[in-house]
Amino acid sequence: MSAPPKTVLDVSEQEAQAIREAVRAVDPETLGLGRARAELKHVPGLVALLSDVRVSGPIYDLPRPIGEDSITRWVTENQAQALAGEALLLINLDAAGEVSGYSRITVWPERSAAELAGAVRADLQGGGQGGAGMARTFGWIFETLGVRMMCLTAALDNVRSQQGIDAAGFTRMGEREALRPDGTTRHSVYWEMTRDDWRLRHRL
Ligand SMILES: CC(C)(COP(=O)(O)OP(=O)(O)OC[C@H]1O[C@@H](n2cnc3c(N)ncnc32)[C@H](O)[C@@H]1OP(=O)(O)O)[C@@H](O)C(=O)NCCC(=O)NCCS
């Protein structure tokens, strides 16, 4: 139930179309860290990963309850949205070939905007990997998908996420009611970042 950024950019049909095509054509391997598009063969690994509340608890837009059926549907829906150029569901594979994390990128081509949600397996949390992965993914989204704006939300008590997002230079813009698939809401911290600001901070 992702919501597009509060800030509305002026976006031409041509720009929106280029973003859709970039999402369809993207090669997740260019992001590194064993990333691949989620496919039905990854459903058991995703169910195992997301059944751990330390992984899925802080994420508002996952299907619930988490199980074989709901995650199969989620992967299939994401595959359809990827074909439409409106989402990417990526998994991380560890050295043993196990699903050790995921990222879901929601894209609004007509808004030139994207949002990222994701998690890493509990044994990999708190060691610096997630923060580094987040920063790398933000840059990749701006440069590979071509969007000019990103927005993010995190639960008010999610210190690691908030710290990682602040460290990447996103601007806090108040709070937002994030809508869960079951219709309930979660009070969240809300951030935005433009591609121009990202380039200034991370390239120059
Ligand atoms: C959010 C998540 C991806 C972060 O990955 P991680 O590997 O655990 O995080 P890191 O160890 O890189 O820490 C991230 C930041 O929090 C800081 N941090 C870690 N533990 C902290 C603590 N107890 N108190 C304050 N800051 C803390 C780190 O110093 C780092 O800040 P920096 O980027 O300025 O160096 C991971 O914890 C996770 O999957 N959590 C469950 C799902 C989730 O919350 N997803 C995000 C929803 S918005």
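# Ligand shell, sheet and helix packing

Strand 4 (113-120), helix 5 (129-145) and helix 6 (159-167) each supply at least two residues of the shell around the ligand; helices (H or I, at least four residues) and strands (E, at least two) are DSSP runs, numbered from the N terminus. This is a predicted model, in which local features need pLDDT of at least 70 and side-chain atom pairs count only at pLDDT 80 or more, while totals for chains, interfaces and linings use all residues. Residues are numbered from 1 along each chain as its sequence is written. Here is a quick tour, topic by topic.

**Around the ligand**

- The shell holds 21 residues, and Ala-119, Gly-130, Gly-131, Gln-163 and Ala-167 come nearest to the ligand; a residue is near a molecule or strand if its C-beta atom, placed from the backbone, lies within 6 Å of it.
- Helix 6 gives the most to this shell, with six residues.
- By class, the shell has nine nonpolar, eleven polar and one charged residues. Ala, Val, Leu, Ile, Met, Phe, Trp, Tyr, Cys and Pro count as nonpolar, Asp, Glu, Lys and Arg as charged, and the others, Gly among them, as polar.

- An open sheet is formed by seven strands in the order 1-2-3-4-5-7-6, with mixed pairing; two strands pair if DSSP finds at least two bridges between them.
- Strand 1 (35-37) and strand 6 (171-179) stand at the edges with a single partner strand each, so one side of each is left without a neighbour in the sheet.
- From one strand to the next, the twist averages 30°.
- Strand 6 pairs with strand 7 (residues 185-194) in the antiparallel sense over seven bridges, and Thr-171 stands opposite Glu-192 in strand 7.

**Helix 5 and its two partners**

- Two packed helices are described by the angle between their axes and the distance between the axes. Axes are lines fitted to C-alpha atoms, for helices over the stretch in contact, and angles run from 0 to 180 degrees between N-to-C directions.
- Helix 5 packs with helix 6 at roughly 40°, their axes coming within 10 Å. That makes helix 5 oblique to helix 6; angles under 35 degrees count as roughly parallel, over 145 as roughly antiparallel, 65 to 115 as roughly perpendicular and the rest as oblique.
- The crossing of helix 5 with helix 6 is right-handed; a crossing is left-handed if the near helix is turned anticlockwise from the far one by less than a right angle, and right-handed if clockwise.
- Gly-130, Gly-131 and Met-134 of helix 5 meet Arg-160, Gly-164 and Ala-167 of helix 6, where contact means C-beta atoms, placed from the backbone, within 7 Å. These residues divide into two nonpolar, three polar and one charged.
- With helix 7 (residues 195-202), helix 5 packs at an angle of about 125°, the axes being 10 Å apart, and the crossing is left-handed.
- Phe-138, Gly-139 and Phe-142 of helix 5 make this contact with Arg-195, Trp-198 and His-202 of helix 7.

**Helix 2 and helix 4**

- Helix 2 (residues 43-50) and helix 4 (residues 68-83) pack at about 115°, with axes 9 Å apart, in a right-handed crossing.
- Val-43, Leu-46, Val-47 and Leu-50 of helix 2 touch Glu-68, Ile-71, Thr-72 and Val-75 of helix 4.

**Backbone details**

- Most residues other than glycine have a negative phi, and most peptide bonds are trans.
- Arg-64 and Pro-65 are joined by a cis peptide bond, with omega about 0°; Pro-65 is in the loop between helix 3 (53-56) and helix 4.
- Ser-112, although not a glycine, has a positive phi of about 50°, and its place is in the loop between strand 3 (99-108) and strand 4.

How values were computed. Two residues are in contact if their C-beta atoms, placed from the backbone, lie within 7 Å.
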